[in-house]
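Here are my notes on the model you sent.

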Amino acid sequence: MYGLDNNNNNNNNNNNDNNTCLIKIFLMGDGDVGKTSILKQFVDNKFDDIYQCVIGIDFRYVQFENNNQPIKLVIWDPPGQLRFKDITRLYYKNTNIVIFVYNIADRKSFINIIEWFEDIENFAPPNTYKVLVGNKSDLEAKRKVTHEEGEALSQILGINMFYETSAKDNVNIKEIFVGSVMNIIEQKDN
Ligand SMILES: Nc1nc2c(ncn2[C@@H]2O[C@H](COP(=O)(O)OP(=O)(O)OP(=O)(O)O)[C@@H](O)[C@H]2O)c(=O)[nH]1
Ligand SMILES: [Mg+2]
(Lines give C-alpha, C1' and ligand atoms only; values in the text may rest on other atoms or scores of the structure.)
(Ligands and ions follow the chains in the order given, each with its own letter.)
Protein backbone atom coordinates (compact mmCIF):
# COMPACT_ATOMS: atom_id res chain seq x y z
CA MET A 1 0.00 0.00 0.00
CA TYR A 2 1.04 3.63 -0.62
CA GLY A 3 4.15 2.57 -2.54
CA LEU A 4 6.27 2.09 0.59
CA ASP A 5 9.66 0.41 0.29
CA ASN A 6 12.28 -0.58 2.80
CA ASN A 7 15.89 -0.11 1.88
CA ASN A 8 15.27 2.45 -0.83
CA ASN A 9 17.66 5.07 0.52
CA ASN A 10 19.24 7.09 -2.20
CA ASN A 11 22.78 8.39 -2.28
CA ASN A 12 21.95 11.68 -0.59
CA ASN A 13 22.63 10.33 2.88
CA ASN A 14 25.12 8.27 4.78
CA ASN A 15 22.64 5.95 6.35
CA ASN A 16 23.38 2.45 5.21
CA ASP A 17 20.92 0.74 7.52
CA ASN A 18 19.06 -1.67 5.25
CA ASN A 19 16.17 -1.68 7.66
CA THR A 20 15.41 2.02 7.24
CA CYS A 21 12.03 2.84 5.82
CA LEU A 22 12.16 5.91 3.58
CA ILE A 23 8.93 7.84 3.21
CA LYS A 24 8.54 10.66 0.71
CA ILE A 25 6.18 13.51 1.56
CA PHE A 26 5.17 16.38 -0.70
CA LEU A 27 3.68 19.68 0.54
CA MET A 28 1.33 21.35 -1.91
CA GLY A 29 -0.85 24.46 -2.08
CA ASP A 30 -0.97 28.13 -3.03
CA GLY A 31 1.72 30.64 -2.10
CA ASP A 32 1.51 32.12 1.43
CA VAL A 33 -0.65 29.33 2.92
CA GLY A 34 2.19 28.34 5.28
CA LYS A 35 3.83 25.22 3.77
CA THR A 36 7.38 26.29 4.65
CA SER A 37 6.23 27.42 8.11
CA ILE A 38 4.60 24.05 8.79
CA LEU A 39 7.79 22.25 7.78
CA LYS A 40 9.95 24.59 9.85
CA GLN A 41 7.76 24.18 12.93
CA PHE A 42 7.87 20.38 12.55
CA VAL A 43 11.61 20.09 11.96
CA ASP A 44 13.11 23.04 13.90
CA ASN A 45 10.32 24.00 16.33
CA LYS A 46 10.53 27.56 15.05
CA PHE A 47 8.15 30.05 13.48
CA ASP A 48 9.04 33.22 11.50
CA ASP A 49 6.57 36.03 10.93
CA ILE A 50 8.63 37.19 8.00
CA TYR A 51 7.73 35.72 4.65
CA GLN A 52 10.77 34.38 2.86
CA CYS A 53 10.37 33.81 -0.82
CA VAL A 54 11.94 30.52 -1.88
CA ILE A 55 12.69 30.24 -5.56
CA GLY A 56 13.42 26.52 -5.90
CA ILE A 57 12.04 23.36 -4.35
CA ASP A 58 13.43 22.89 -0.84
CA PHE A 59 13.52 19.65 1.12
CA ARG A 60 14.27 18.49 4.67
CA TYR A 61 15.11 15.11 6.17
CA VAL A 62 13.63 13.93 9.47
CA GLN A 63 14.53 10.65 11.13
CA PHE A 64 12.82 8.85 14.00
CA GLU A 65 12.13 5.33 15.24
CA ASN A 66 8.95 3.33 15.57
CA ASN A 67 9.21 -0.04 17.37
CA ASN A 68 12.97 -0.15 16.68
CA GLN A 69 12.31 0.48 13.00
CA PRO A 70 14.24 3.53 11.76
CA ILE A 71 12.02 5.77 9.67
CA LYS A 72 13.39 8.49 7.49
CA LEU A 73 11.17 11.16 6.01
CA VAL A 74 12.14 13.33 3.09
CA ILE A 75 9.75 16.27 2.89
CA TRP A 76 9.58 18.34 -0.30
CA ASP A 77 8.50 21.98 -0.05
CA PRO A 78 7.89 23.66 -3.41
CA PRO A 79 6.94 27.35 -3.67
CA GLY A 80 3.24 27.77 -4.54
CA GLN A 81 4.18 29.84 -7.56
CA LEU A 82 5.72 26.78 -9.20
CA ARG A 83 2.18 25.68 -9.82
CA PHE A 84 1.67 22.69 -12.11
CA LYS A 85 5.10 23.01 -13.59
CA ASP A 86 6.69 19.86 -15.00
CA ILE A 87 9.58 20.33 -12.60
CA THR A 88 7.33 19.93 -9.54
CA ARG A 89 5.48 17.02 -11.13
CA LEU A 90 8.79 15.19 -11.35
CA TYR A 91 8.97 15.27 -7.54
CA TYR A 92 5.51 13.98 -6.81
CA LYS A 93 5.68 11.20 -9.34
CA ASN A 94 7.02 8.83 -6.69
CA THR A 95 5.70 10.36 -3.49
CA ASN A 96 4.09 8.35 -0.65
CA ILE A 97 2.17 11.17 1.05
CA VAL A 98 0.83 14.46 -0.29
CA ILE A 99 -0.17 17.19 2.16
CA PHE A 100 -2.54 19.73 0.55
CA VAL A 101 -2.41 23.02 2.45
CA TYR A 102 -4.82 25.98 2.35
CA ASN A 103 -5.19 29.02 4.60
CA ILE A 104 -8.46 29.13 6.60
CA ALA A 105 -8.41 32.95 6.20
CA ASP A 106 -8.08 32.80 2.39
CA ARG A 107 -11.02 31.24 0.57
CA LYS A 108 -9.29 31.19 -2.80
CA SER A 109 -6.52 28.98 -1.45
CA PHE A 110 -9.26 26.55 -0.34
CA ILE A 111 -11.04 26.55 -3.73
CA ASN A 112 -7.70 26.03 -5.47
CA ILE A 113 -7.17 22.77 -3.54
CA ILE A 114 -9.42 21.14 -6.15
CA GLU A 115 -6.93 21.99 -8.90
CA TRP A 116 -3.96 20.83 -6.84
CA PHE A 117 -5.85 17.63 -6.15
CA GLU A 118 -6.58 17.04 -9.83
CA ASP A 119 -2.91 17.43 -10.65
CA ILE A 120 -2.01 14.80 -8.07
CA GLU A 121 -4.69 12.48 -9.46
CA ASN A 122 -3.13 12.88 -12.90
CA PHE A 123 0.56 12.68 -12.06
CA ALA A 124 1.15 10.97 -8.69
CA PRO A 125 0.89 7.22 -8.03
CA PRO A 126 -2.76 6.15 -7.52
CA ASN A 127 -2.08 4.86 -4.00
CA THR A 128 -0.64 8.15 -2.68
CA TYR A 129 -1.84 8.86 0.90
CA LYS A 130 -3.55 12.26 0.98
CA VAL A 131 -3.86 14.77 3.81
CA LEU A 132 -5.85 18.04 3.72
CA VAL A 133 -4.67 20.82 6.02
CA GLY A 134 -6.39 24.13 6.81
CA ASN A 135 -3.49 26.19 8.21
CA LYS A 136 -3.48 29.48 10.19
CA SER A 137 -6.21 28.27 12.56
CA ASP A 138 -4.99 30.95 14.99
CA LEU A 139 -6.54 33.58 12.66
CA GLU A 140 -10.05 32.76 13.91
CA ALA A 141 -11.28 36.36 13.58
CA LYS A 142 -10.35 36.36 9.88
CA ARG A 143 -11.67 32.88 9.12
CA LYS A 144 -13.23 32.47 5.62
CA VAL A 145 -13.48 28.67 5.47
CA THR A 146 -15.31 26.72 8.19
CA HIS A 147 -13.98 23.55 9.72
CA GLU A 148 -17.02 21.71 8.33
CA GLU A 149 -16.24 22.86 4.78
CA GLY A 150 -12.71 21.50 5.10
CA GLU A 151 -14.01 18.21 6.37
CA ALA A 152 -16.66 18.02 3.62
CA LEU A 153 -14.09 18.68 0.88
CA SER A 154 -11.79 15.98 2.21
CA GLN A 155 -14.69 13.52 2.13
CA ILE A 156 -15.79 14.50 -1.38
CA LEU A 157 -12.26 14.11 -2.72
CA GLY A 158 -11.61 10.86 -0.82
CA ILE A 159 -8.74 12.40 1.16
CA ASN A 160 -7.44 10.15 3.95
CA MET A 161 -6.98 12.71 6.74
CA PHE A 162 -8.08 16.28 7.56
CA TYR A 163 -6.65 18.67 10.15
CA GLU A 164 -6.73 22.36 10.90
CA THR A 165 -3.27 23.52 11.99
CA SER A 166 -1.41 26.56 13.19
CA ALA A 167 2.27 26.66 12.30
CA LYS A 168 2.42 29.80 14.43
CA ASP A 169 1.06 28.23 17.64
CA ASN A 170 2.33 24.70 16.85
CA VAL A 171 -1.16 23.16 16.74
CA ASN A 172 -1.56 19.77 15.02
CA ILE A 173 1.76 20.07 13.17
CA LYS A 174 3.31 16.88 14.52
CA GLU A 175 -0.03 15.12 14.06
CA ILE A 176 -0.18 15.65 10.28
CA PHE A 177 3.26 14.15 9.69
CA VAL A 178 3.45 11.43 12.34
CA GLY A 179 -0.24 10.51 11.97
CA SER A 180 -0.06 9.99 8.21
CA VAL A 181 3.27 8.13 8.42
CA MET A 182 1.94 5.79 11.11
CA ASN A 183 -1.16 5.11 9.03
CA ILE A 184 0.78 4.08 5.95
CA ILE A 185 3.15 1.93 8.01
CA GLU A 186 0.17 0.15 9.60
CA GLN A 187 -1.37 -0.43 6.16
CA LYS A 188 1.90 -1.86 4.95
CA ASP A 189 2.18 -4.24 7.90
CA ASN A 190 -1.35 -5.60 7.46
N1 LIG B 1 -0.96 33.67 11.67
C2 LIG B 1 -0.30 32.69 11.02
N3 LIG B 1 0.58 33.01 10.05
C4 LIG B 1 1.22 32.00 9.42
C5 LIG B 1 0.99 30.63 9.77
N6 LIG B 1 1.77 29.86 8.95
C7 LIG B 1 2.45 30.72 8.16
N8 LIG B 1 2.14 31.99 8.44
C9 LIG B 1 2.67 33.20 7.78
O10 LIG B 1 2.24 33.19 6.43
C11 LIG B 1 3.27 33.70 5.56
C12 LIG B 1 3.58 32.67 4.49
O13 LIG B 1 4.14 31.51 5.10
P14 LIG B 1 5.06 30.48 4.27
O15 LIG B 1 5.30 29.34 5.18
O16 LIG B 1 6.23 31.16 3.70
O17 LIG B 1 4.05 30.09 3.09
P18 LIG B 1 4.29 29.10 1.85
O19 LIG B 1 3.06 28.32 1.64
O20 LIG B 1 5.55 28.32 2.08
O21 LIG B 1 4.49 30.13 0.64
P22 LIG B 1 5.25 29.84 -0.77
O23 LIG B 1 6.61 29.30 -0.44
O24 LIG B 1 5.31 31.17 -1.45
O25 LIG B 1 4.41 28.87 -1.55
C26 LIG B 1 4.46 34.03 6.48
O27 LIG B 1 4.42 35.42 6.79
C28 LIG B 1 4.21 33.22 7.73
O29 LIG B 1 4.76 33.83 8.88
C30 LIG B 1 0.06 30.33 10.81
O31 LIG B 1 -0.20 29.18 11.19
N32 LIG B 1 -0.56 31.41 11.39
MG1 LIG C 1 7.33 28.16 0.99
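1. Asn-67 is exposed in this predicted model. Its C-beta has 7 other C-beta atoms within 10 Å, and a residue counts as exposed at 12 or fewer. Asn-67 sits in the loop between strand E3 (58-66) and strand E4 (69-77). Its phi is positive, about 50 degrees, although Asn-67 is not a glycine.

2. Asp-32 also deserves a look. Its phi is near 75 degrees, a positive value in a residue other than glycine. Asp-32 belongs to the loop between E2 and H1. Here the residue is partly exposed, with 17 other C-beta atoms within 10 Å.

3. Now the ligand site. The shell around ligand 1 has 20 residues, of which Gly-31, Gly-34, Thr-36, Ser-37 and Gly-80 come nearest. Helix H1 (residues 35-44) gives the most to this shell, with three residues. By type, the shell divides into six nonpolar, seven polar and seven charged residues.

4. Which residues of helix H4 (residues 113-123) are buried? They are Ile-113, Trp-116, Phe-117 and Ile-120. Seen down the axis of H4, these buried residues fall within an arc of 100 degrees, so they line one face of the helix. An α-helix has 3.6 residues a turn, so residues three or four places apart point the same way.

5. The face of H4 turned away from the buried side carries exposed residues: Ile-114, Glu-115, Glu-118 and Asn-122.

6. What do the buried residues of H4 pack against? Their partners are strands E2 (21-28), E5 (97-103) and E6 (129-135), along with helices H2 (86-92), H3 (107-111) and H5 (147-157).

Notes
Residues are numbered from 1 along each chain as its sequence is written. Chains are lettered from A and ligands numbered from 1 in the order in which they are written. This is a predicted model: local features need pLDDT of at least 70, side-chain atom pairs count only at pLDDT 80 or more; totals for chains, interfaces and linings use all residues. A residue is buried if 20 or more other C-beta atoms lie within 10 Å of its own, exposed if 12 or fewer, and partly exposed in between; C-beta atoms are placed from the backbone. Helices (H or I, at least four residues) and strands (E, at least two) are DSSP runs, numbered from the N terminus. The arc is that of the directions from the helix axis to the C-beta atoms. Two residues are in contact if their C-beta atoms, placed from the backbone, lie within 7 Å. A residue is near a molecule or strand if its C-beta atom, placed from the backbone, lies within 6 Å of it. Ala, Val, Leu, Ile, Met, Phe, Trp, Tyr, Cys and Pro count as nonpolar, Asp, Glu, Lys and Arg as charged, and the others, Gly among them, as polar.
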